Amino acid sequence: METILEIKNLSKNYPGFKLDNVSFNLSKGYIMGFIGPNGAGKTTVIKLIMNLIKKSSGEIKIFGMDNMKYEKEVKNKIGFVYDDCNFYENFSLMDNAKVIADFYEDWSWSDFDNYLNRFKLDKDQKTKELSKGMKIQFALAIALSHNAELLIMDEPTSGLDPIFRHEIVNILQEYIEDGNRSILFSTHIISDIEKMADYITFINEGKLIFSEEKNILEDTYRIVKGGLDILDSNIEQECIRIKKNKYGFSGLTLNHEKLQEKYGLNIMIDKPDIEEIMIYMAGEDS
Amino acid sequence: MKKLVKRNLFLISKNFYLCIFYILTIVTMLFLKEDAFTFLVFFIPAMTSISASAIEKFDSKNYKITFSMPVIRNEFANTKAVTLLLLVGVNAAVSLITYIIAVLSGKVEILPFSLLVLGLSFSYLLSMLGGGLALTAGDKRPNYIYIILFIIIFDNMNIPSFVLGNDILIYLISVIFLAIGRTVYVIAKENILRICLEMEF
């Protein structure tokens, strides 16, 4: 598999926050969901990829090229959609596109027109008059109109209603269809990720928790539940994190078979969804 | 760089209504006051500052977008400096044409060549100061401030009597203005570059 995005030991120090040795890869033709709680460092990683902030250490390669040394070449192949994409607020959509189009070698006006039509956006409307959802749609139209091979999206669906989000998910699935493009999609709305991501990268408090294929994650992790009377050191040892309440306990484990064998019908084993894995890993209510 | 210059000119053109209003104000002043020297000295820097602040007004809100595109920060900073020179050139041309029209229509007297050189060199210095400041400090002043300042200065400016008639002194002062203007340009260019390279979003 050809690697499109390669991040090695990436660190960034801020007063009060440290992105700590984050490493992960994204291969061609796949969608990576980049998840984590608010303030986990997702946006910091994306800003580092886009060279909007300076890294403290580490390496970022995009299409096999260093993202700083070959910034122009690399960014020519990247489409970006940010949560706060306002563009030139007093300009019409068309004027915005005119300012932006010149910088991309493969800009396609017909693609741009198609996306505007599809999103029912008026090219003469000013950007500041657009709703949040329309701004995201416009940013997406820009990002998809220059034949980008990597789409980087930072919380594009936050604050949007489910219909809008569903539409965006559909478009991204279309975009990825030819197998030559990839998407890094940062969000804390797990349902969007579950619909489309092939890989999940999870960071928390600036540290990488895992970067894994979604199917493997779903097959590997299990939630074990039982009464407090059977909760012993053995269970605690086999669980990554345990939550307790007055009715019993539940814990995330990688060794459910071993526990099932030992505790039989005294415990229940469930398949967790990505959100549950994230909550356990993030240490909420532990 | 060509693409960036084109973009900067496009951004200025989006503030064109303001430029037209300003040109009309200044030209009206020229015809009312009949003082070509003061006109030359202040038209170019005022127009340059307004245009530079128009670019900065757009850029300051959009750096994150701009630097997410295939734009190199070094190139971006250099282009801003080149745009500053370009603005001075264009505005100098416009002011000279206006001056010639005013002379031909008999509204102002023709300036001695030495005073023309002095006026242009002083305007170069002021343009670098005003334009450089707008591009480096992210000019937040409302544009009408330039118009008010211009009217006040226009109405009160006089060349010291010991300078008038002394061509050697006038040329010497002109060279000093040009040298200081050039220094200000270099400092402004370095500052724009430093700001662009250090900027984080």
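In what order do the elements of chain B run from the N terminus on? I would like to start there, keeping in mind throughout that what we are looking at is a predicted model. Read from the N terminus, the elements of chain B are α-α-α-α-α-α-α, and the count for that chain is accordingly given as seven helices and zero strands.

Staying with chain B as a whole for a moment, the chain has 201 residues, of which 39% count as buried. If we take the contacts in chain B with a separation of 6 or more, 93% of them are accounted for by residues 24 or more positions apart.

Let me now go to one pair of helices in that chain. Two packed helices are described by the angle between their axes and the distance between the axes. For helix 3, residues 36–66 of chain B, and helix 4, residues 73–104 of chain B, that angle is about 145° and the axes are 9 Å apart, while the crossing of helix 3 and helix 4 of chain B is right-handed. If you follow along in the structure, helix 3 of chain B contributes, among others, B:F39, B:L40, B:F43, B:I44 and B:M47 to this contact, and on the side of helix 4 of chain B you will find residues including B:L84, B:L87, B:V88, B:N91 and B:Y99. Sorted by class, the contact between these two helices of chain B has 14 nonpolar, five polar and no charged residues.

Turning to chain A, the domain assignment gives domain 1, covering 3–212, and domain 2, covering 221–282, and the C-alpha centres of these two domains of chain A lie 36 Å apart. Nine residues from domain 1 of chain A and six residues from domain 2 of chain A take part in the contact between them. On the side of domain 1 of chain A that touches domain 2, helix 7 (190–196) and strand 9 (199–204) each supply at least two residues, and the residues of that side divide into seven nonpolar, one polar and one charged.

Conventions: Residues are numbered from 1 along each chain as its sequence is written. Chains are lettered from A and ligands numbered from 1 in the order in which they are written. This is a predicted model: local features need pLDDT of at least 70, side-chain atom pairs count only at pLDDT 80 or more; totals for chains, interfaces and linings use all residues. Helices (H or I, at least four residues) and strands (E, at least two) are DSSP runs, numbered from the N terminus. A residue is buried if 20 or more other C-beta atoms lie within 10 Å of its own, exposed if 12 or fewer, and partly exposed in between; C-beta atoms are placed from the backbone. Two residues are in contact if their C-beta atoms, placed from the backbone, lie within 7 Å. Domain bounds come from an automatic or database domain assignment. Ala, Val, Leu, Ile, Met, Phe, Trp, Tyr, Cys and Pro count as nonpolar, Asp, Glu, Lys and Arg as charged, and the others, Gly among them, as polar. Axes are lines fitted to C-alpha atoms, for helices over the stretch in contact, and angles run from 0 to 180 degrees between N-to-C directions. A crossing is left-handed if the near helix is turned anticlockwise from the far one by less than a right angle, and right-handed if clockwise.
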